[in-house]
Amino acid sequence: MVDKISKDDNLDEPLREVDCYLPGNNDELAISGKGTAEDGSTEVNVPPLETMFPSSLGMKFCVDGTAKTLEITAGWGHYHRTNSEILTTTDGKPKKVWKREQIRANSPAIPLIEGVIDNWIVDVQYPEVYVKGKIRKQSNGDFIVSLFLVNGQRETKEKRDETWLFQPELSVKSADVQHPDIFLKRHQPRSLGKLDPVIYTEEKTMAMLYRKQVEFAIGHGVSVHAKTASGTTERAVELSISVIPAYEVPKTSPPQVDEIPELAGLVLDMQELSTTATVDFANKISPLITAYQSWINNQKQRISDPAAGLTDYENEAKTAIQNCEQTLNRIREGLTLLESDEKAADAFRFMNQAMYLQRIHSIYSEQIRQGKTADFQQISLSQPRWFPFQLAFILLNLPSINNLHHPDRSHPQNAIADLLWFPTGGGKTEAYLGLTAYTLGLRRLQGNIAGRSGEYGVAVLMRYTLRLLTLQQFQRATTLICACESIRRKDESKWGKEPFRIGLWVGQRTTPNHTNQSEEFCKQERGQYQQSGSGSPHQLTNCPWCGSKINPGKHIKVESVTKGRGRTLIYCGDDLGRCLFTEKQSQGEGLPILVVDEEIYRRLPSLLIATVDKFAQMPWKGEIQMLFGQVDSYCQRHGFRSSDIENTNLHRKTINLLASKTIPCKQLRPPDLIIQDELHLISGSLGTLVGLYETAVDELASWEVDGKKVRPKVVASTATIRQAKSQIHNLFLRDLQVFPPQCLDVEDNFFSRQRPPSEINPGRRYLGICATGRRLKAVLIRVYVAILSASQFLYENQGYGDRADPWMTLVGYFNSMRELGGMRRLVDDDVRIRLGKMDRRGLAKRLRINLEELTSRRDSTEIPVILDRLETTFDPQKDAEIKAKRNAKGNAKQTINQIEPLDVLLATNMISVGVDVKRLGIMAVTGQPKNTAEYIQATS
């Protein structure tokens with residue numbers, strides 16, 4: 001402890017950190033109320049008033065049976081109260097401060113003999129502080145050793161801190177310098193026994209994949225850090241306790257040509273593939289197949305290599321190779337289809353063109369949203385490219401989308417659901433958006449099949465579990481549909497006269513159920529109506545095509561069912577009419593989005609994004625059958641009809657509309673592709689209900705062609721899942737194919753590789769803080785203050801400026817709404833007050849805290865605004881402008897119309913999936929999430 005204490009620390013007062021808690025600190029973090037399924041439940045973690053602080057800590061580890069002796073190092077910081085040699089009180093007397101003394105010692109060599117280790121006193125001045133332990137021998141000859149650093153001192157009534165051990169140290173290594181790498185994985189043989197064979201096989205496969213990731217020790221009351229031997233991760237040379245453990249998860253990225261030379265010649269450029277002639281696809285894509293085949297052959301040879309460490313996993317290794325070969329054959333079949341089927345090739349070119357436009361317009365609109373100067377011509381030259389795994393995933397699915405009777409799609413028992421399994425942020429969304437674009441294009445090219453139109457009706461059904469996730473993906477997917485629509489308008493003879501549209505079908509709390517509710521919202525925006533509880537059609541704050549701001553009172557126009565076409569039209573806000581989707585260029589249509597349930601049933605968007613719970617309405621709302629092509633007539637003014645839609649058969653001419661009538665029509669083609677994102681969330685009671693409704697969904701989406709039943713193709717994606725095979729079967733009655741298939745090592749599956757953390761490939765660093773015996777409130781206040789103050793110090797004092805932006809917005813994650821509410825109160829009070837004084841502690845003070853929350857309490861109209869604020873960066877120049885406006889006086893005072901970035905965002909599991917804000921770089925997770933999948937998702 002440095003000999004420099006500020007006056008405000010009040011160290012002359014008798015109260016200390018280790019004293020009993022003040023009454024005000026005895027309440028738990030969570031505010032009053034009861035947890036719910038949606039808001040999460042709060043675990044009671046308040047320690048009793050008479051807190052028992054730990055008096056020991058230690059570790060348990062495994063030592064090679066050939067080792068002879070161990071050497072232990074132990075130590076701690078001892079603090080004692082004394083007069084300062086520098087600081088004085090107001091009356092000139094020396095100020096009382098805490099001085100630190102380092103205690104550390106090495107033990108004599110401890111022989112590895114089974115039994116109790118004699119207590120070793122670390123320092124003779126403290127005879128009641130010692131290291132104790134025990135050695136046990138395993139059946140295979142290795143040793144299991146337990147070591148504990150014990151503080152046996154009794155607290156005195158005065159100066160109790162002097163009997164505490166601060167910054168404790170405990171480490172162990174070999175006493176023989178000739179044989180330092182003595183620590184290894186504990187031998188824990190596990191037989192099938194009564195285990196479920198499927199679970200046992202999965203565990204063996206996981207053990208094979210992670211055989212090089214070794215747990216060397218288990219901490220007791222503390223974590224343990226292992227220093228591995230040179231050139232291997234399977235042996236360690238030293239183990240030491242770590243009070244604040246840290247681990248960096250490696251970054252996963254696709255392989256480069258210099259790593260796999262066979263990939264040379266593979267064309268991944270979207271624009272180039274969009275103009276490739278059918279006969280040239282083989283030359284441009286076959287290097288992917290050649291490279292994968294070569295890689296699989298190399299993996300086969302490793303199975304018999306003793307150095308690979310696969311002796312105990314021969315069956316699992318052979319099964320993994322078979323999965324890879326099956327995937328290779330499916331990719332090859334997809335390429336063969338492109339060479340032999342002109343419609344498939346046309347749809348593939350359409351997909352690449354649409355994805356190219358989607359990518360460049362996404363970048364352009366994002367820069368416009370953030371207030372940057374964007375050069376569209378420059379962005380269009382950026383050559384958007386596929387990752388190899390994205391292109392491969394699309395190729396292996398083409399045959400089952402193209403061929404309605406393909407066994408992967410329509411077999412009654414053995415149809416395949418393809419699970420895209422890739423780390424969060426790795427590009428899963430682009431992969432299935434590409435598959436979506438292919439499906440949309442192919443249906444238009446195939447025309448009528450078995451009397452059912454492919455131009456109309458829902459082609460792709462994309463489902464999510466959470467409202468926020470659905471909204472974010474809706475914004476991404478809308479850009480793709482805009483791209484498809486821009487292509488269609490240039491060649492209606494090929495791609496049809498019916499616009500490509502996207503529908504958002506998520507319920508009344510988020511979007512309107514009826515057109516009149518949408519009309520009410522627009523009147524509210526113009527100040528003509530009181531607020532109502534129905535949803536909002538204003539789900540896009542900016543145009544996805546050009547980034548222009550969408551003003552709901554100006555750019556959303558509603559035609560009522562009685563006086564118009566029953567449309568809610570959302571136009572781009574570009575006042576100059578340059579955008580393709582402004583009222584000037586797209587009158588009567590606007591952006592190709594449908595957000596009102598009533599309109600979705602009648603207009604039937606090509607791509608429908610929905611939440612899984614929305615399908616629970618199926619037994620009560622007959623209109624839902626229309627989403628599956630069950631229509632019987634078409635109103636020339638309002639769209640499709642079924643027996644559940646009330647409407648007149650004739651409509652008179654109006655000023656703006658021609659007279660119209662209802663004409664009979666045949667049923668439409670049901671959805672060809674069903675995409676289920678974040679599959680791991682469909683578990684427990686939700687999974688049971690979804691599985692029940694999925695039986696009806698699968699039947700409704702099936703139809704007959706040439707006397708054979710055609711089922712929809714099912715694709716799912718996730719970043720975290722165990723026992724996926726049984727889950728897929730229970731949900732969809734389909735077999736599972738995971739892509740990319742894991743092979744022999746988790747670090748490399750050909751399509752992705754783990755990169756060792758470095759300056760070039762930084763990983764994701766985790767820090768763990770467990771303050772045993774402390775109130776959660778006290779810990780959180782200190783953690784939040786430290787993070788916010790340290791980032792401000794880098795941003796302001798160290799001159800990092802906008803380079804420190806990733807750490808300037810702190811995201812707080814909570815298991816329940818009640819805990820979040822409690823933390824919000826603390827941020828507004830304790831955290832804010834402490835931040836104002838942090839310059840006295842060597843960091844920087846932070847006076848203004850812009851705080852928001854992302855929870856189910858937020859109205860649907862607020863969420864897009866919060867997401868926009870999350871994308872707003874910290875910039876010293878902008879901050880100076882805002883500060884000048886705020887401090888101006890009199891006539892010089894100006895209105896601040898700039899979006900200010902957020903300092904703190906508090907969130908529940910709404911943020912754990914689907915929220916992709918690239919600038920966010922730090923998160924504080926309160927408590928352990930309910931399951932491992934949630935933990936990985938929340939922090940990725």
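Helix 12, spanning residues 515-525, has a set of buried residues made up of Thr515, Gln517, Ser518, Phe521, Cys522 and Gln524. Their cover in this predicted model includes helix 13 (552-555), strand 18 (556-559), strand 19 (567-570) and helix 14 (597-603). Just past the helix comes Gly527, whose phi is positive at about 75°.

As for confidence, the chain averages a pLDDT of 86, with 91% of residues at 70 or more. The stretch to treat separately is residues 1-27, where pLDDT stays under 50 and the model has 49 contacts beyond four places in sequence.

On to the cores. The largest nonpolar core counts 109 residues, and Phe348 and Tyr438 have the most contacts inside it. Helix 5 (residues 342-369) supplies the largest share of this core, with twelve residues. Leaving aside residues up to four places away in sequence, Tyr438 touches Leu337, Ala344, Ala347, Phe348, Met351, Leu398, Ile401 and Asn402. There is also a second, separate core of 36 residues, with Ile103, Ala105, Ala217 and Val222 among them.

Helix 3 (residues 281-302) and helix 4 (residues 314-340) pack with their axes 10 Å apart, at an angle of about 170°. That angle is over 145 degrees, and the two helices are therefore roughly antiparallel. On the helix 3 side, the contact includes Phe281, Ile285, Ile289, Tyr292, Trp295 and Ile296, while helix 4 contributes residues including Ile321, Cys324, Leu328, Ile331, Leu335 and Leu338. Sorted by type, the contact residues come to 13 nonpolar, four polar and four charged.

Leu733, in the loop between helix 16 (724-732) and strand 30, has a positive phi near 50° despite not being glycine. Leu733 is partly exposed, at a relative accessible area of 44%. Phe750 lies in the loop between strand 30 and strand 31 and is another non-glycine residue with a positive phi, here about 80°. Phe750 is buried, with a relative accessible area of 1%.

How values were computed. Residues are numbered from 1 along each chain as its sequence is written. This is a predicted model: local features need pLDDT of at least 70, side-chain atom pairs count only at pLDDT 80 or more; totals for chains, interfaces and linings use all residues. Side-chain values use heavy atoms; hydrogens and water are left out. pLDDT is the predictor's confidence in each residue, from 0 to 100. Contact means heavy atoms within 4.5 Å. A nonpolar core is a set of buried Ala, Val, Leu, Ile, Met, Phe, Trp, Tyr and Cys residues joined through side-chain atoms within 4.5 Å. Buried means under 20% relative accessible area, exposed over 50%, partly exposed in between (1.4 Å probe, protein chains only). Helices (H or I, at least four residues) and strands (E, at least two) are DSSP runs, numbered from the N terminus. Axes are lines fitted to C-alpha atoms, for helices over the stretch in contact, and angles run from 0 to 180 degrees between N-to-C directions. Angles under 35 degrees count as roughly parallel, over 145 as roughly antiparallel, 65 to 115 as roughly perpendicular and the rest as oblique. Ala, Val, Leu, Ile, Met, Phe, Trp, Tyr, Cys and Pro count as nonpolar, Asp, Glu, Lys and Arg as charged, and the others, Gly among them, as polar.
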